[in-house]
Amino acid sequence: MSNTNQLILSLLLLLVLSHVNGFSIGPSSQRVPASSTTTTVLQEGKDENTDPDMNPLTKSAWYATELFGKVFGNKDKVQSENDAPPEELDFSQPPQSLKETLARIKLDNDRSYFLSGQVDEEIYDPKCVFSDPFVAFEGRERFVTNLANLGSFITNYSARVLNYDEQDPTVVQTKIMVKLELNLPWKPILAWPWGVQYTIDPETNLIVDHKESWDIEALEGVKQIFLCVFSDPFVAFEGRERFVTNLANLGSFITNYSAKVLNYDEQDPTVVQTKIMVKLELNLPWKPILAWPWGVQYTIDPETNLIVDHKESWDIEALEGVKQIFRKPTLTI
């Protein structure tokens, strides 16, 4: 892949996932252990790459998308009634005990702060270090600003807690299955497990380290943006929008048709196999009729419930199909 293409892909992926420091994709499909990255506390406004081997194009894309968020981010996000905090806690003040900090972290996760942008900033130390497999920076204000700008990138989302661990009184570890609908014309949906390790200073009761991990490879994340792969015996391409456009244009080629289901197999819960006898009357002066069995194998991603592969098969040789176009019709529809 050329450097230009790689930068474009990185920008598109990181546009959402790395826009907030937490929205980054890890370099492997395995969870990043807490001890795998040594984060140095940095001066306010300065960044440090947590992966010395990270591609500089990817790092550049991270900063570009953060700037994009500052310019085009959602400045007028309104807190919904469901996000309103309980009255017994004073969210305008830092927590007064470790127990209160743990309760407020839980409340933040309950309202999916990493997607909604509604974050309890007072539970974070002003110099808290925010990190993921790509980059780290120091400063609560920058993190809160990035979260507030998420509205321009995400049009819908859901979050399901896979694990929430408070066994260590000063460390909270989470793992959440997130699904995001992106603000792009074809409305792609991204989905994978995302985790955060929160480290709390027992002296101040404030979070001093917010370390994130994504259980997905970067390339797989990019694929989810462009996604479903459509193929037949002659050609293959990625992208739902192109497929939908091609289907919409069929009206100019087909004047009549019929279809009879020969087989419909759902034995595998993530694979559907069909076989259909199709007849098509083409929009040509001699009205040729094409007829052959046509099948599709649909492969479904169990995490997103979306079709990621649409593979067609035709039970006819290409030359025979061409002959049917120029042959005098012997069939009727």
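Student: Is leucine 319 buried or exposed?
Tutor: Leucine 319 is exposed, because its relative accessible area is 57%; exposed means over 50%, buried under 20%, and partly exposed in between, with a 1.4 Å probe and protein chains only. This is a predicted model, where local features need pLDDT of at least 70, side-chain atom pairs count only at pLDDT 80 or more, and totals for chains, interfaces and linings use all residues. Residues are numbered from 1 along each chain as its sequence is written, and side-chain values use heavy atoms, leaving out hydrogens and water.

Student: Which element holds leucine 319?
Tutor: Leucine 319 is in helix 8. Helices are DSSP runs of H or I with at least four residues, strands are E runs of at least two, and both are numbered from the N terminus.

Student: New topic: how much space lies in the largest pocket?
Tutor: About 1,200 Å³. A pocket is an open set of points on a 1 Å grid where a 1.4 Å probe fits, with protein on both sides within 12 Å along at least five of seven lines, and lining residues have an atom within 4 Å of a point. The volume is the space filled by probe spheres set on the points, which are joined across faces, edges and corners.

Student: Which residues lie nearest its centre?
Tutor: Of the 35 lining residues, Leu250, Leu280, Trp294, Glu312 and Trp314 do. Among the elements giving two or more residues to that lining are helix 7 (240-248) and helix 8 (318-326).

Student: And where is threonine 145?
Tutor: Threonine 145 is in helix 5, residues 140-148. Threonine 145 is partly exposed, at 32% relative accessible area.
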